Amino acid sequence: MIKRLKQYELAVELIQRQARIAVILRETAIPKDLIKATYKELLGRPGNPGPIKESIRGLTHNRRRYKEATLFAKIFRSIETENLQGGIDNVIQAFDFFKISLPTGDLDFTTAWLVARDLRNKQLLMFSCHQCSSPVLIIVGSEKSLERCCVCKTSLKTSL
């Protein structure tokens, strides 16, 4: 009973952050129909349907989104270092800190969840620029990863 209650509480937390229904389904054992109904009740609109993107390669097309994802990744890594068993709670906490740090940011919870997932799966790596020490995200196997640091514009090819 307590486990079920915690699953419902988690679903509500994810809905409040406007996570896609597919993310909520992956993170909880709540039936889809109940998630949809709760989404509509809490936010007054249906949840975002459809599958989750399997890649965050689209982030590299927009520098602002890439920088926001990098800030989230840095916050997430800090939280993950302190709480290795946190799971989705670490993503929620990092997303909340991100929103406090950058209230005008466009990074949505689902993209943050994808960044966290890919960091954990080592499909996304974080390096420090050898020139200015700014964090830099590299998508493993991507030809479209940034070639220059977003802050100081130093070439990353020489530092990798």
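The model is predicted, so local features need pLDDT of at least 70 and side-chain atom pairs count only at pLDDT 80 or more, while totals for chains, interfaces and linings use all residues. Residues are numbered from 1 along each chain as its sequence is written, and side-chain values use heavy atoms, with hydrogens and water left out.

**Helix α1**

- Let's start with helix α1, which covers residues 2-16. Helices here are DSSP runs of H or I with at least four residues, strands are runs of E with at least two, and both are numbered from the N terminus.
- Helix α1 has 15 residues and reaches 21 Å from its first C-alpha to its last, close to the 21 Å expected at 1.5 Å a residue. The expected span is 1.5 Å times one less than the number of residues.
- Q7, L10, A11, L14 and I15 are buried in α1. Buried means under 20% relative accessible area, exposed means over 50%, and partly exposed lies in between (1.4 Å probe, protein chains only).
- Seen down the axis of α1, the buried residues fall within an arc of 135°, so they line one face of the helix. The arc is that of the directions from the helix axis to the C-beta atoms.
- An α-helix has 3.6 residues a turn, so residues three or four places apart point the same way.
- On the other side of α1, I2 and K6 are exposed.
- The cover over the buried residues of α1 includes α2 (21-27), α3 (32-43), α5 and α6.
- After α1 comes Q18, whose phi is positive, near 60°.

**Salt bridges**

- The whole structure holds six salt bridges. A salt bridge is a side-chain nitrogen of Lys or Arg within 4 Å of a carboxyl oxygen of Asp or Glu.
- D106 and R64 form a salt bridge, at 2.5 Å from N to O. This pair links distant parts of the chain: D106 is in the loop between α5 and α6, R64 is in helix α4 (residues 63-82), and they are 42 residues apart.
- D106 is exposed at 52% relative accessibility, and R64 is partly exposed at 42%.
- E80 and R120 form a salt bridge too, at 2.9 Å from N to O. This pair also links distant parts of the chain, with E80 in helix α4 and R120 in helix α6, 40 residues apart.
- E80 is buried at 10% relative accessibility, whereas R120 is partly exposed at 33%.
- Salt bridges that share partners join E13, R17 and D96 into one network.
- In the bridge between E13 and R17, the closest N and O atoms are 3.9 Å apart. E13 is partly exposed at 30% relative accessibility, while R17 is buried at 19%.

- T111 sits in helix α6 (residues 109-120) and is buried, with a relative accessible area of 3%.
- Not counting residues up to four places away in sequence, T111 touches K53, L59 and R65. Contact means heavy atoms within 4.5 Å.
- F97 lies in helix α5 (residues 88-101) and is partly exposed, with a relative accessible area of 39%.
- F97 touches I75 and I79, again leaving out residues up to four places away in sequence. F97 and I75 are 22 residues apart in sequence and 7.4 Å apart in space, C-alpha to C-alpha.
- V140 is in the segment after β2 (135-139) and is partly exposed, with a relative accessible area of 32%.
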